[in-house]
Amino acid sequence: MEAAARRRQHPGAAGGPGAQPGASFLQARHGSVNADEAAGTAPFHLDLWFYFTLQNWVLDFGRPIAMLVFPLEWFPLNKPSVGDYFHMAYNVITPFLLLKLIERSPRTLPRSITYVSIITFIMGASIHLVGDSVNHRLLFSGYQHHLSVRENPIIKNLKPETLIDSFELLYYYDEYLGHSMWYIPFFLILFMYFSGCFTASKAESLMPQSALLLVVPSGLYYWYLVTEGQIFILFIFTFFAMLALVLHQKRKRLFLDSNGLFLFSSFALTLLLVALWVAWLWNDPVLRKKYPGVIYVPEPWAFYTLHVSSHH
């Protein structure tokens, strides 16, 4: 009788008839991937990965190119360029696609971390929008990306000299603060999603042909992201964390599903491309001066202003 009374007072306890359907969901929400969770393997998200890759190429990689291609009369130097509008669209579409990706994860991911990451991502990308807009507009005035701010011919003779400090602050917001707040949550979200991309069936650990076709453009874009964003340390840390997770889950007889294989293969290709890029420019004296230290990963736009635009 007493036990029955307690069950009536607490209908969700001990899995009784009044147990709430979300009880097991709340208990497993922050747990690691196990065989039960891996049983609900998601199909390959062709639509999301295709849109994700397309908008990365068009709105991120393509924005500085669009700025140089469109006539300057259409977008005066004291107004946003076409590349800035690309960046604004990127700042809206990318967080939306990341949220849709998280929604489709077979594993329920911690919402608080997801929301804070998305908010920080948008803030960092918006900071970068302003700094990058000014820096790219300076190209029309003779600014050279392969030189530091103080060594640039159009900057080093500014009077008063405190103006140079202002341009260095702008560069800091663009290349350091903006990139950190943009890319750290970006890779964190991708890693959290990746942590749920495991299946108990080895037969399901295969990529469809559509995924294979997307690996090359996806990996090539991440090469651009890592080199131009100067985030090699963040990228390599994320990649080895993914590798460690794969090895750990393999001991539990869990294997990457098609989405996990696609993401891991893209990152592996990126690492190979970065290694080839660094080896190719290893002995470039000018770029070596701009990027001193142990981590030497030149930016593509620095290479462009040094070896391409200067010859035209």
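**Helix packing and nonpolar cores**

Mentor: The axes of helix α8 (residues 162–194) and helix α10 (residues 232–250) cross at roughly 10° and come within 11 Å. This is a predicted model, in which local features need pLDDT of at least 70, side-chain atom pairs count only at pLDDT 80 or more, and totals for chains, interfaces and linings use all residues. Residues are numbered from 1 along each chain as its sequence is written, and side-chain values use heavy atoms, with hydrogens and water left out.

Trainee: Why is α8 called roughly parallel to α10?

Mentor: Angles under 35 degrees count as roughly parallel. The crossing angle is roughly 10°, so α8 is roughly parallel to α10.

Trainee: Which residues make the contact of α8 with α10?

Mentor: Contact means heavy atoms within 4.5 Å. Tyr 183, Ile 184, Phe 187, Phe 191 and Phe 194 of α8 meet residues of α10 including Leu 234, Phe 235 and Thr 238. The contact comprises 11 nonpolar residues, 1 polar and no charged.

Trainee: What makes a set of residues a nonpolar core?

Mentor: Its members are buried (under 20% relative accessible area, 1.4 Å probe, protein chains only) and are Ala, Val, Leu, Ile, Met, Phe, Trp, Tyr or Cys residues joined through side-chain atoms within 4.5 Å. The largest such core has 62 residues, and Phe 267 is among those with the most contacts inside it. Another core, of 6 residues, lies apart from it and includes Leu 138 and Val 149.

Trainee: What does Phe 267 touch?

Mentor: Not counting residues up to four places away in sequence, Phe 267 touches Phe 187, Leu 190, Tyr 222, Phe 235, Thr 238, Phe 239 and Met 242.

Notes: Axes fitted to C-alpha atoms, helices over the stretch in contact; angles between N-to-C directions. Helix = DSSP H or I, 4+ residues; strand = E, 2+ residues; numbered from the N terminus. Parallel < 35°, antiparallel > 145°, perpendicular 65-115°, else oblique. Nonpolar A, V, L, I, M, F, W, Y, C, P; charged D, E, K, R; others polar. Buried < 20%, exposed > 50% of the residue type's maximum accessible area, 1.4 Å probe, protein only.
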